[in-house]
Structures are given as structure tokens and as C-alpha cells.
Amino acid sequence: MLQILRSLAQNRSLLRNFVARDLRARYVGSSLGFFWSGIFPVLNLAIYMLVFQVILKMSWAGKSAQEVVLLMLVAIVAWSAFSEAITRSTNVLVDNQNLIEKVVFPSEVLPAFVTLSAMINMLIALPVVLAALAWAMLNPSEDAVALGGGVQLGLNLAWLPLLLLLQSVFTVGLGYFLATFNLFWRDTFHVIGVLLTVWMFITPIFYAPVMMSKQGFGWMLDINPMHWLMDMYRGVLVQNVAPAPLDVARFGLVSVAVLAVGAAFFARQRPRFPDLL
């Protein structure tokens with residue numbers, strides 16, 4: 001892991017150039033450009049609200065409709081960045097085969113730049129989220145007032161950079177592992193798309209976590225790092241509640257462990273990359 005981190009530090013200019021190029025190419029030719037980073041989560045929110053709140057009529061006990069919308073929006077933005085980074089990282093070595101085969105190229109930059117690009121895209125969407133949260137705080141709905149809750153923005157936003165960093169560490173570690181494993185079994189790229197969909201639906205993004213516990217699946221929440229992360233994001237952004245130190249430490253340890261395993265697997269197999277490609 002330390003070898004990978006040192007290489008990334010030494011090649012930070014290259015990493016920065018890859019991220020900048022990727023961000024420019026993301027919406028090339030689009031009239032709205034980076035505004036799509038904020039529009040996509042809102043469109044996804046509208047679809048999932050229609051399905052889960054209007055059609056399936058899933059309720060969140062003790063939460064106003066206004067608060068439910070924002071809880072879902074926060075989770076959608078965070079999950080979208082994670083899902084995009086993992087999907088692209090899995091196939092990033094294959095997509096950049098010419099770089100790995102023909103020149104002396106620091107291949108560890110590839111999963112890292114994909115993750116950074118996704119996280120920056122998430123940062124671009126965050127002002128939309130914060131604006132929606134601020135509006136809801138200043139204009140609470142009637143049911144939010146009646147329930148005595150509602151959106152609260154405060155000093156606990158200071159936890160946000162740490163949560164973003166831990167998400168990046170967790171994501172890039174998983175990306176290193178999957179990018180390498182995909183060279184041994186190319187179906188990994190297709191399987192991971194299915195697994196991410198399953199992971200998304202067993203993570204309480206569109207419904208209250210208590211619903212899983214009532215059905216006897218609470219243990220899934222206890223072993224799901226993305227649920228821990230979503231819960232902390234929601235507390236910091238929507239409820240102005242600081243994450244519990246043990247929750248931060250738990251997710252931090254898992255993130256570092258995933259990075260250590262992923263980076264070690266990547267570094268050990270790197271000499272074989274030209275042959276595997």
C-alpha cells in the first residue's frame with residue numbers, strides 16, 4: 001500500500017492531468033456541461049420517489065415527506081459517485097491497454113484517477129444538495145413542523161471532508177482489487193454491474209433502515225460499510241448530528257484494510273499486466 005501511495009505522490013502531476021482530461025471529456029459537446037452533475041441526482045431522485053414513495057407507498061416513521069426527499073438525495077449523490085468509480089475502475093486497465101503495454105507507465109494512476117474524477121463530480125453536485133437543504137431548513141413543511149423535526153444545517157458539516165476522504169480510500173482500494181481481478185476473469189466487469197445493483201437495494205437509500213431490521217435482515221446493515229457511510233452522511237448533512245467516533249473509526253479501519261488488500265494485490269500482479277492483457 002505504501003509503495004502505491006508513494007508512486008501516486010510522485011506521479012501527482014500525471015494523476016491531475018488524467019482527472020482534468022476525464023472531467024473535460026465527461027460532458028464534451030453538452031450545452032449544460034457540469035450542471036449535469038447536479039441534474040442527474042435530481043432526476044434519479046424523482047424516479048425513485050415515484051417508485052418507492054408514490055407507487056409502493058413506503059413510509060419513514062417519524063420523518064416528514066420533505067426530510068425523506070433530502071435523505072434520499074444525499075444517499076443518491078454519494079452512491080452515484082461510489083458506483084461510477086467502481087464500475088469504471090473494474091475495466092480501467094483493459095480500457096487503457098495501450099498505455100500499459102507500450103510505455104513505462106505507472107498503472108496505479110488509472111484506478112486512482114477514476115475514483116478522484118467520480119469524487120470531484122460528487123463535489124460538483126454537493127452545492128445542489130446544500131442549497132436544497134438550506135431551503136428546506138428555512139421553509140419547513142407543515143408535517144416537518146408537526147413532527148418537531150426537519151432539516152438542520154450546522155457546524156457538523158465540518159465532518160464532511162473526512163467522510164469524503166474515507167469514501168475515496170474505500171473506493172480506490174476496491175477499485176485496485178477489481179481492476180486486477182478483471183484481468184484474470186474478464187466477466188468481472190459484467191458481474192460487478194449486477195452486484196452493485198444488488199448492493200444498492202440492500203443499502204437503505206430509498207427506504208428506512210428499520211424496514212430491513214423488521215424483516216430480520218438487520219445483520220446486513222451491520223456488515224454493510226456503505227450503510228455506515230450513508231448513515232453518517234445523512235446525520236451530518238440533514239440532521240446536524242456528528243457521527244459517533246466508533247462509527248467513523250469502524251469505517252476508517254475497513255477503508256484502510258480494503259486499500260491495503262487491493263493495493264497489495266495490484267502491486268503483486270502488476271508485472272504480469274502486459275501478459276494478462
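Visitor: Which residues of the largest nonpolar core touch the most other members?

Guide: This is a predicted model. The largest nonpolar core has 50 residues, and those that touch the most other members are Trp79, Phe82, Met122, Trp199, Met226 and Tyr233. Two or more residues of this core come from each of the helices α3 (36-55), α4 (65-90), α7 (109-138), α9, α10 (188-202), α13 (225-237) and α14 (245-269). The largest share is that of α4, with 14 residues. In soluble globular proteins, nonpolar side chains tend to be buried together.

Leaving aside residues up to four places away in sequence, Phe82 touches Gln167, Phe170, Thr171, Leu174, Leu196, Trp199 and Met226.

Phe177, Phe181, Phe184, Trp185, Val191, Leu195 and Val261 make a nonpolar surface patch of about 590 Å². Both α9 and α10 supply at least two residues of the patch, and α9 gives the most, with three. Leu195 is in helix α10 and counts as partly exposed because its relative accessibility is 46%.

Charged residues come next. Side chains of opposite charge can pair when their charged atoms come close. The count of salt bridges is four. In one of them, Arg88 meets Asp22 at 2.7 Å, N to O. This pair links distant parts of the chain, since Arg88 is in helix α4 and Asp22 in helix α2 (residues 12-26), 66 residues apart. Asp22 counts as buried, at 13% relative accessibility, whereas Arg88 is partly exposed at 29%. Asp22, Glu84 and Arg88 are linked in a network of salt bridges.

Another salt bridge joins the side chains of Glu108 and Arg270, at 2.4 Å from N to O. Glu108 is in the loop between α6 (97-102) and α7, and Arg270 is in the loop between α14 and α15 (273-276), so the pair ties together parts 162 residues apart in sequence. Glu108 is buried, with 3% relative accessibility, while Arg270 is partly exposed at 22%.

Asn156, in the loop between α8 (142-147) and α9 (160-184), counts as buried because its relative accessibility is 18%. Its side chain reaches the backbone oxygen of Asn240 at 2.8 Å.

Conventions:
Residues numbered from 1 in each chain as written. Predicted model: local features only at pLDDT ≥ 70, side-chain atom pairs only at ≥ 80, totals over all residues. Heavy atoms only, no water. Helix = DSSP H or I, 4+ residues; strand = E, 2+ residues; numbered from the N terminus. Buried < 20%, exposed > 50% of the residue type's maximum accessible area, 1.4 Å probe, protein only. Polar contact = N/O pair within 3.5 Å; in protein donor to acceptor, adjacent residues only side chain to side chain. Core = buried A, V, L, I, M, F, W, Y, C linked by side-chain atoms within 4.5 Å. Contact = heavy atoms within 4.5 Å. Patch = residues over 30% accessible without salt bridge, like charges linked within 9 Å, V, L, I, M, F, W, Y side chains within 5 Å. Areas by Shrake-Rupley, 256 points an atom, 1.4 Å probe, with all protein chains shown as cover.
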